[in-house]
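Here is my note on the model you sent. Please read it with the structure open beside you.

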Amino acid sequence: MGNHYDLAPEFHKHAVEWLWDGTLQADETFRDGLENAPQAFIDLLGGANTGKMVVRL
């Protein structure tokens with residue numbers, strides 16, 4: 001979007017709609033517990049995640 005700042009309001013309008021209706025989804029990989037944070041980091045570096053790597057506490 002760096003070259004199209006003029007389209008930002010239109011993108012924002014559509015992106016919000018798409019998030020609400022489920023058309024636009026973010027991929028996340030979850031690991032539960034602080035004790036699993038080191039392994040989650042290793043997995044992140046090894047590409048074992050899809051999208052964001054999130055450690056839930």
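1. What share of the contacts in the protein with a separation of 6 or more is accounted for by residues 24 or more positions apart? The share is 29%. Please keep in mind that this is a predicted model.

2. Start with the elements. The protein has two helices and two strands. Read from the N terminus, the order is α-β-α-β. The radius of gyration is 16 Å, well over the 10 Å that the globule rule gives for 57 residues, so the protein is more spread out than a compact globule. The C-alpha trace spans about 45 × 25 × 15 Å along its principal axes.

3. Next, the surface. Of the 57 residues, 12% count as buried. The protein exposes about 4,800 Å². Carbon and sulfur atoms supply 60% of that area.

4. Helix α1 covers residues 8-21 and has 14 residues. G22 follows α1. The phi of G22 is positive, near 90°. An α-helix has 3.6 residues a turn, so residues three or four places apart point the same way.

5. Now find T29 in strand β1, which covers residues 28-32. Is T29 buried or exposed? Its relative accessibility is 11%, and the cut-off for buried is under 20%, so T29 counts as buried. Leave out residues up to four places away in sequence, and T29 touches N49, T50, K52, M53 and V54.

6. G33 lies in the loop between β1 and α2. G33 also counts as buried, at 13% relative accessibility. Which residues does G33 touch, not counting those up to four places away in sequence? They are V55 and R56. G33 and R56 are 23 residues apart in sequence, yet their C-alpha atoms are 5.8 Å apart in space.

7. R56 comes up again, this time with a ring. R56 lies over the face of F30, at 4.2 Å from the ring centre. How many aromatic pairs does the structure hold? The count is zero.

8. Helix α2 covers residues 37-46, and D43 has its place there. D43 is buried, with a relative accessible area of 16%. That value falls below the cut-off, because buried means under 20% relative accessible area. Leaving aside neighbours within four places in sequence, D43 is in contact with R31, A48, N49 and M53.

9. Is P38 buried or exposed? With 51% relative accessibility, P38 counts as exposed. The cut-off matters here, because exposed means over 50%. P38 and V55 are 17 residues apart in sequence. From C-alpha to C-alpha they are 9.8 Å apart in space.

10. Find T29 in β1, G33 in the loop between β1 and α2, and D43 in α2. T29 is buried, G33 is buried, and D43 is buried. Then look at P38, which is exposed.

Terms used. Residues numbered from 1 in each chain as written. Predicted model: local features only at pLDDT ≥ 70, side-chain atom pairs only at ≥ 80, totals over all residues. Heavy atoms only, no water. Helix = DSSP H or I, 4+ residues; strand = E, 2+ residues; numbered from the N terminus. Expected span 1.5 Å × (residues − 1). Phe/Tyr/Trp six-rings, centres within 6.5 Å; stacked < 30°, edge-to-face > 60°. Lys NZ or Arg CZ within 6 Å of the ring centre and 35° of its normal. Rg over C-alpha atoms; globule rule 2.2 N^0.38 Å. Buried < 20%, exposed > 50% of the residue type's maximum accessible area, 1.4 Å probe, protein only. Contact = heavy atoms within 4.5 Å. Areas by Shrake-Rupley, 256 points an atom, 1.4 Å probe, with all protein chains shown as cover.
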